[in-house]
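Subject: Structure handover

Hello,

I am passing the structure on to you. Please look it over first; my notes on what was found follow below.

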Amino acid sequence: MTHEDIRRHPYQGLPDRQFWSQDPALADFTQFDPVSFVPFKISRSERIVTAGSCFAQHVGRHLSEVGYQHFIAEPAHPIVPSDIAARFNYGVYSCRYGNIYTARQLLQLLHRAYGVFVPIVESWPRGLRNNGRRVVDPFRPQIQPEGFVSAAELDADRASHFRSVRRAVEEMDIFVFTLGLTEAWLDNQDGAVYPLAPGVSGGVYLPDIVQFRNFDEVETTQDLLAALRFIRARNPRVKIILTVSPVPLNATYADRHVFASTTWSKGVLRIAAERVQKEMADCAYFPSYEIITAPHVRGRYFAQDCREVLPEGVQHVMRVFLKHFAGEERVKSDDDFMQPHQHADDDIRLRIAHVERLLDVVCDEQSITNRP
Amino acid sequence: MDSSRRMKPDYPRIIVIGSSHVFAIQAAWSSVYDHPITFCNFWDTDRSRDSFLDHIYKRTEGELRPTHVVTHFGGNNHNGLGLALDHRRFALGAAVNGRIPRSADNLDFIPRDVMRQIIRKQMRPWRGLNRSVHEHFVGAEFLQLQSPPPLERIPLPEEFDQISDAKREFLEILAKTALEPKLRLAIYRIQSEIFSEEARKMHITIISPPKEALSPKGFLLRDFCAHGDPTHGNERYGRLMLNELLRLCVAPK
C-alpha cells in the first residue's frame, strides 16, 4: 500500500453529492437534484396510479401532460363535460378517493374496497337540504360539492368507487403515493380514521365519539407497510414510488405552533418512507419534499401564504422525477417557464391562468379553521 | 312564422313562444279554439335565435303587446341523455334506492348532482332566451309549458303507417339505444325540476303535463304522443295543455 492509497479520513474520495459545499445548486438553485439512485424506470406504456395528499394531484396531472399514462380507473362517464367532471373530482386521482393524508387512511381504503373492514359510520348528515337527507361521505367529505342526495345514493356511489379502487390496485404498474399528514381523527367505536374531523365538512363533532390521533413513525411505518403489502398481494408486479408532501400543515390539533407540528409530522413521514423503501423490493423514495423545502431554493417555491407550492416548484419536482424515472433529461424546465412570452400583459395573464389552474388543487385540509 | 287572429280588446293577449313542443298546443288551438293567440315557433323559422326574438319584439309593439307570455324553450335534454348512443350505459344516483336502475351495480354510476349540472349546462342557451323574453315583456304575466315525459315503451317504426324517413330513423335509434324507462323518466324529472326552479326565481307559472295524459307511473300515455314521434305530445295532449293555459290566463287574480 502506497502513501497515496491511504485515505486521510473516511470522507476522502466520496462523491460530490455527499458534500454540501460541492452542490452546484448553491450557485444555481434550478440545478438542485437530491436523487442519487432509483431502482427502476417508468415507461410511457405503464399505468401509473396516484394517491395521497393534495400535492399528489400535481404528479398525476404533470405525468399526463408529458405523455405518461396516469391511469384513471374511475373516470367520469363520457356524457359528463370535463368542467363538471373536474368539479366532482373525477380524474384528479386515479379514483375518486379524494386526498389520502395518512398511511392509516390508505390502509383503511384498501380494506374497505376489498370488504375487510366495514365502518360503523358510513355517512354524515350534511344539512337541511332535501329534507335533511343529504349526506357526505366521512371518508371523502369534499368529493361532491354538496354531498349526496341520500345515504342510499352514497352507498351506490361507494360501491362503484370501490370497484374502481380494486381495478386500480390490480391493473396498475406503478403506484405513486404521497404521504401528507400524521394527524387524524379516529372513531372510538371501531377505529375508523377520518381525513377531516367531524364538523369541519359535514357531520357533527361529538368529543365522546371521536379522538384525535397523531400517528408516530412506528405506526406510520406499520400502516404503510401493511397497505403496500396488501397491494402487492393482489398485484405482485407493481412498482412503488413514495414521496412526502412539502405542503405544511394547515392546522394542528396538538397544543403547539402549527410549524412545530409540521416539522414533526414531516419528520415522521420521511422516516416511515425511508424504512418502507428499505423493507420492500421495487420501492423508491422520491424527494419532492426536499426539492421544495431545500435551503438552496431559498423559499422561492412557496406562494405568499408560505404553504402553497408554486408551479415553478412543481415543475422542478417533475423535471427531476422524469429525469431519473424516465431518463428524460429535458422536459419543461423552470427556464422554459420563465422565458418571456410575446407580450408582457399576455405573459402575466398566461402566468396567472397557469398559476390558478395549477393551484386549483383540492385541499380539503384547508377547510379547517379556528373560526366558528 | 306567426299565426295570429284579430284580438278583441277584452281578451287577454296571449303569445306563445317556443320550440318543438309548441306544435301540440298550436295544433289544438288551430282545430278547436277561437281565442286569439299568437304563436311564435322557433322551428317554423330559419332565423337565428336572436333575430327570432327581435322579430317577435317588433311584431308585438303598442296595442299588440301581450298581457300573457307563454314560453317553452328546450325541454328535450332527457331525450338525448336517455340514450346510450355510442356511450356506455349508466346508472343514475337517486335518493330512494340509491340508483336507477336499482339492479345495475356493474354499470358506470352518475351521481344525481352531476346529472343536474349536465342538464343545467345544456339548458343554458334556452335559459338565455327565456330571460330575454322575460326582460322584454315587463308587466306581462309569464307562464311556462313543461315538456311531456317520455313513453314507457318506445314504439317500433313498423307500428306506424306513413311516417317520414327522419321519424323512422329516429325510432330505430331509440329502439337500439334508449336506456331503461325508469332512468329516462328520472332524467326527465331532473330536467323538470330545474325548469321549475328557474321559473320560480323569475315568478313564472309552470304548466305541468296534464295528469290525464300520464300513466300511474308518470310516463306519457301512448294516446297522447305525436304520430311516429315519442318525444312530443299530439293535438290531444295540446288540447289539455291549452285548456289549462286558458284557465290560468282568464282566472281572476
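**Backbone features**

P101(B) sits in the loop between β5 and β6 (108-110) of chain B. Please keep in mind throughout that this is a predicted model. The peptide bond joining I100(B) and P101(B) is cis, with omega at about -5°. In chain A, R298(A) has a positive phi of about 50°, although R298(A) is not a glycine. R298(A) is found in the loop between α7 (288-293) and α8 of chain A. Both kinds of feature are worth a look because most residues other than glycine have a negative phi, and most peptide bonds are trans.

**The largest pocket**

I100(B), from the cis bond, also turns up here. The largest pocket has a volume of about 670 Å³. Of the 27 residues lining the largest pocket, A94(B), I100(B), R112(B), A186(B) and R189(B) are the closest to its centre. Four elements of chain B, namely β4 (90-94), β5 (98-100), α4 (112-136) and α6 (181-201), each supply at least two lining residues. Which of them gives the most? That is α6(B), with eight residues. By class, the lining of this pocket has eleven nonpolar, four polar and twelve charged residues.

**Cavities**

Twelve cavities of 30 Å³ or more come out of a search of the whole structure. The largest cavity holds about 110 Å³ of space. Its lining is made up of Y97(A), I100(A), Q105(A), Q108(A), L109(A), R112(A), D137(A), F139(A), R140(A), R158(A), H161(A) and F162(A). α3(A) gives the most, with four residues. Sorted by class, the lining of the largest cavity has five nonpolar, three polar and four charged residues.

**Where chain A meets chain B**

On the chain A side, 27 residues are in contact with 26 residues of chain B. The area buried between the two chains is about 2,100 Å², and carbon and sulfur atoms give 60% of it. H77(A), I79(A) and E153(A) supply 28% of the area that chain A buries against chain B, more than any other three residues.

Which kinds of polar pairing cross this interface? Seven residue pairs are in polar contact there, with both residues at pLDDT 80 or more, and two salt bridges are found. In one salt bridge the side chain of K121(B) meets that of D83(A), at 2.8 Å from N to O.

The elements giving two or more residues to the side of chain A that touches chain B are α2 (82-87) and α4 of chain A. α4(A) has the largest share of that side, with six residues. In terms of class, the side of chain A that touches chain B has twelve nonpolar, six polar and nine charged residues.

**Salt bridges overall**

How many salt bridges are there over all chains? The count comes to 34. Within chain A, the side chains of D33(A) and K323(A) meet in a salt bridge, at 2.6 Å from N to O. This pair links distant parts of the chain, 290 residues apart. D33(A) lies in the segment before β1 (47-52) of chain A, while K323(A) lies in helix α8 (residues 311-325) of chain A.

Regards

Definitions and conventions
Residues numbered from 1 in each chain as written. Chains lettered and ligands numbered in written order. Predicted model: local features only at pLDDT ≥ 70, side-chain atom pairs only at ≥ 80, totals over all residues. Heavy atoms only, no water. 1 Å grid on protein atoms, 1.4 Å probe; cavity = no way out; pocket = protein on both sides within 12 Å on 5 of 7 lines; lining within 4 Å. Points joined across faces, edges and corners; volume = space filled by probe spheres on them. Nonpolar A, V, L, I, M, F, W, Y, C, P; charged D, E, K, R; others polar. Contact = heavy atoms within 4.5 Å. Buried area = accessible area lost by both parts, 1.4 Å probe. Salt bridge = Lys/Arg side-chain N within 4 Å of Asp/Glu carboxyl O. Polar contact = N/O pair within 3.5 Å; in protein donor to acceptor, adjacent residues only side chain to side chain.
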